[in-house]
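Have the sequence and the 3D view open side by side.

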Amino acid sequence: MKRNNTNFRHTSDTQAILGKCVLPLLFLLILSSPALILAQPNTLYGYGSEGGINGFGTIFKAQGGSITTVVDFPKTEGANPVHATLMQAANGKLYGVTGSGGANDFGVLFEYDPVAKTYSALYTFDYPTGAGPIGRLLESSGKLYGMTSFGGPGGRGVIFEYDLGTQAYAVVHAFSNNGDAADPKSGMTELGGVFYGTTYAGGSESSGVLFRFDPSGNAYQSWHNFGASGGGARPVGSLAVVGGKLYGTTESGGANNDGVIFEFDPGPLAYQELYDFDGTGGRRPLSALTTDAGTLYGTANQGGSNGAGVLFSYQPGTDTYTPLHDFDFSDGAFPEGDLTLVAGKLYGMTMTGGSGSSGVLYEYDLGTNAYQALFSMAQANTGNSLNGLLELGGLLYGLSNSPGKLFSYDPGTATFIPLTNFQGADQGRAPRGRLLEYAGKLYGTTEYGGLYDGGVLYELNPVNDAYTVLHHFSGADGSRPSCGLTELNGKLYGMTENGHPNLPGVLFEYDPATSTFQVKRFFNHVADGGYTVGDLIKVANKIAGVTHSGGPGSGGTLFEYDPVADTFGIKHAFSGADGNQSSGGLAAVNNKLFGMSGGGNSNKGVLFEYDLLFNHFQVRHHFNLPGGAYPNGTPTFFNGKLYGLTPSSSGTNTYGTLFEFDPATSTYTVRHWFDGTGGAYPNGSLILSGGKLYGVTLFGSGTDAGVVFEFDPATNTYTVIDELDGTNGSRAQYAQLTALDAANTDDDGDGFSENSGDCEDRNSSIYPGAAEFCNNLDDDCNGLVDDGGACVVYCSNNGYPVYNLSMTPNPANGTDFGPVSAGGSSDQTYTFGNLSMGVPVQLTGSPLVTISGQHAADFTVTAMPATPVPPNGTSPFSVRFQPGAPGYRWALVVVTHDNLPQNPFVFMVSGIGQ
């Protein structure tokens, strides 16, 4: 869907009219340019920070007037694994179940490949065929077997089978509580090719059943009913095998109703209670028993000297029960998951306690009887755990809850690594900042998501739309990368908004060639500024950027970073009136940087300029309603003017503006007023492609999710390319589109693209073969600046150059006179020079130097230069500023002469009347 809207311009009061003497030069510039050739726009790539199937955002491409979703950021299916321990199948992969999550919120069966480090939800459970899967899975003949805690044909859980080859799911037995078992709380155990398990309820006493299941023929038998008077009741943990017998625990029952340890011999079908928990030595055991050389090890969830549970051993041969460790709240409390034995040490997890009260991963050394809390679950925001651990290759793999993570822990290095976040956005969530095209790929970041929920750095291959996460931000290396990336010497640079602990972000480097990520600077909020959300820009072999706040002036900083020398320097510290809390990046134009921030005279934002040659900062425009306020994003340079967006305005339309700013004349013009139906509240940046500007709005149109639009500066025509509707994305935060294959596109309409030799494809007066002028620019793109005799004449002040057609006054070269009180004056002397070694330059004006422009009466030539100016000679002249009224005053100094390439020589002067 496209809509066109042609607007009349709204121009601010800061009008500037070039003197008549400049018009012939401008006319010559127009005649010397080739015919206007506007290429068709490229495929545009962008993103929605929200929306998509999971609400995690999208990456889209706009082509042919419509938007197509390329990446719909996925959600990791599954949540809240309960009493679950991972198992490794014959194929080397890990399998497990979660108690909830998935499309039906009844849990999933998942696979994790520890080599490829990939997670896949294989099956989504539903109520009719079993819901709330629980416990550890078993493998037999290429099939996985497990149980659900409820649902199924009888409503009380099922035994299920999943074929890894055919991916077929089947219910092989349904619990019903009609004299049968019901509500299993654990997994099954294999003995002699047959599976044994327990249920929490059902049976003749409604307190659970011990059963046998033969997977070869799906034959089921109930062999023992729990809950007889004085006996154990309601088993929770899985069964253990020692010497052909089965051992387990019950949550309740027994002499003290605190649970029991029992033995079951499948030969004679003999059940025997071995130990009655009494509270003092622990009560309410919920975990499976673990065996070592005939000894059983387990945990009681409660009881003991601290009431927080007990780790115990039991020797069936001698009927000896021994409490090994009383849990307390400082080093873990209320253990519930299974124990794992590795090289003489027991490993497990507690549900609560420890630092942060989210539980701990602990170790108990059977040789030294030493207990140690190895890792606090709160440290990695994992949630608590009701599950066991699996040892594989020296690593412990585990599951946590609420909604939980799948993780690994290396006891040797004390390293915790999240492998997937249940219900999370492991591939990233909420894309933000500029998409960067480099070497045929697109690179970007997400603000949230990833394995640590600190955001990700990703790559998108537009050839096949393959999406790859390159780096997961962990907090220690920054978090919330809200800025766009920039490329310098084959490496990518970006910034994060935050970091850990309590960092105001980092500046980082990523090398695509070596897949190497490195933090280059940890921002110090007081000294450097921080909390940055704007893009970086490369300037020569350095990088420049703006921080959001902090720094010496507390309003953020403009900084420069040299990756080769690894040096960081503040170029300007914002303090409020000159800007603060910038949410955008910088544009580099002719050795100057332009950017936007908050603050200013009306506290509604400023557009600023920083001169890299003279290290001079100045505010060029103070934003104020109704012409647009609170700018975000980066200004875009095109044909000598800057274009940008504001999310706020007032008057007929209050939905923001698209504006134009002319640095030569300090003229601010609203080119388009957003009206809501055609987009609303743009808060990102524009891009230039084929002589037109493209952008995204945050809101507006039918679903109020934003639009992708095109603006033609030549015809002042605004067009909605297509709408974001939520399914293809919405709410693009600080967005900037990317034009694919931009290097082959003639952006400025001068007949040349970057790949055909245009060295500045945002300025139609610069292209191969153009006339070279004395302006510190490579007009003809031959790699030389001001060559071919273009700079025969020049002007300077105190040794600093004053460039021809310079319309940005600067105190360093005397063109900015600064503040002058009423009745006072300020003088500057300029030197007009002739670099020719044999030809004099004749000044032809009458008088020789003239003043024109809006406040010409405030400036006077007090000393005229001599003429002719001899070869390799100079001739000085002086100008006086006497303000006739308070406020900003400006004029043009014009020197006409007989050297045609630079005739006339014109520069702007300014001052402030007080």
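Lys441 is partly exposed, with a relative accessible area of 24%. Here buried means under 20% relative accessible area, exposed means over 50%, and partly exposed lies in between, with a 1.4 Å probe and protein chains only. This is a predicted model, where local features need pLDDT of at least 70, side-chain atom pairs count only at pLDDT 80 or more, and totals for chains, interfaces and linings use all residues. Residues are numbered from 1 along each chain as its sequence is written, and side-chain values use heavy atoms, leaving out hydrogens and water.

Now find the partner of Lys441. The side chains of Lys441 and Glu459 form a salt bridge, 3.6 Å from N to O. A salt bridge is a side-chain nitrogen of Lys or Arg within 4 Å of a carboxyl oxygen of Asp or Glu. Lys441 lies in strand 41 (residues 441-448) and Glu459 in strand 42 (residues 456-461), so the pair ties together parts that are 18 residues apart in sequence. Strands (E, at least two residues) and helices (H or I, at least four) are DSSP runs, numbered from the N terminus.

Glu660 is buried, with a relative accessible area of 3%. Lys641 is partly exposed, at 24%.

Glu660 has another partner. Its side chain meets that of Arg671 in a salt bridge of 2.6 Å, N to O. Arg671 belongs to strand 59 (residues 667-673), Glu660 to strand 58, and they are 11 residues apart. Both Arg671 and Glu660 are buried.

Salt bridges can also form a network. Arg432, Glu447, Arg480 and Glu497 are linked in this way. Look at Glu447, which is found in strand 41. It counts as buried, at 6% relative accessibility. Its side chain makes a polar contact with the side chain of Arg432, at 2.8 Å. A polar contact is a pair of N or O atoms within 3.5 Å; within protein, one must be able to donate a hydrogen and the other to accept it, and residues adjacent in sequence count only if both atoms are side-chain atoms.

Next come the nonpolar cores. A nonpolar core is a set of buried Ala, Val, Leu, Ile, Met, Phe, Trp, Tyr and Cys residues joined through side-chain atoms within 4.5 Å. Which members touch the most others in the largest core? Of its 24 residues, they are Tyr830, Phe832, Phe877, Phe907 and Val909. Several strands each supply at least two residues of this core, including strand 65 (793-797), strand 68 (826-834) and strand 73 (905-913). Apart from it lies another core of 16 residues, among them Phe60, Ala62, Ile721 and Leu724.

Step back to the whole chain. Its secondary structure comes to one helix and 73 strands. The C-alpha trace spans about 125 × 55 × 50 Å along its principal axes. Of the 914 residues, 59% count as buried.

Phe523 is a buried residue, at 2% relative accessibility. It is placed in the loop between strand 47 (516-522) and strand 48 (537-539). Phe523 and Val506 are 17 residues apart in sequence, and their C-alpha atoms are 5.5 Å apart in space.

Finally, check the backbone. Most residues other than glycine have a negative phi, and most peptide bonds are trans. The bond from Thr867 to Pro868 is cis, with omega near 0 degrees. Pro868 is in the loop between strand 70 and strand 71. Asn903 and Pro904 are also joined by a cis peptide bond, with omega about -5 degrees. Pro904 is in the loop between strand 72 and strand 73. Gln423 is not a glycine, but has a positive phi of about 65 degrees. It is partly exposed, with a relative accessible area of 29%. Ser515 also has a positive phi, about 55 degrees, without being a glycine. Ser515 counts as exposed, at 52% relative accessibility.
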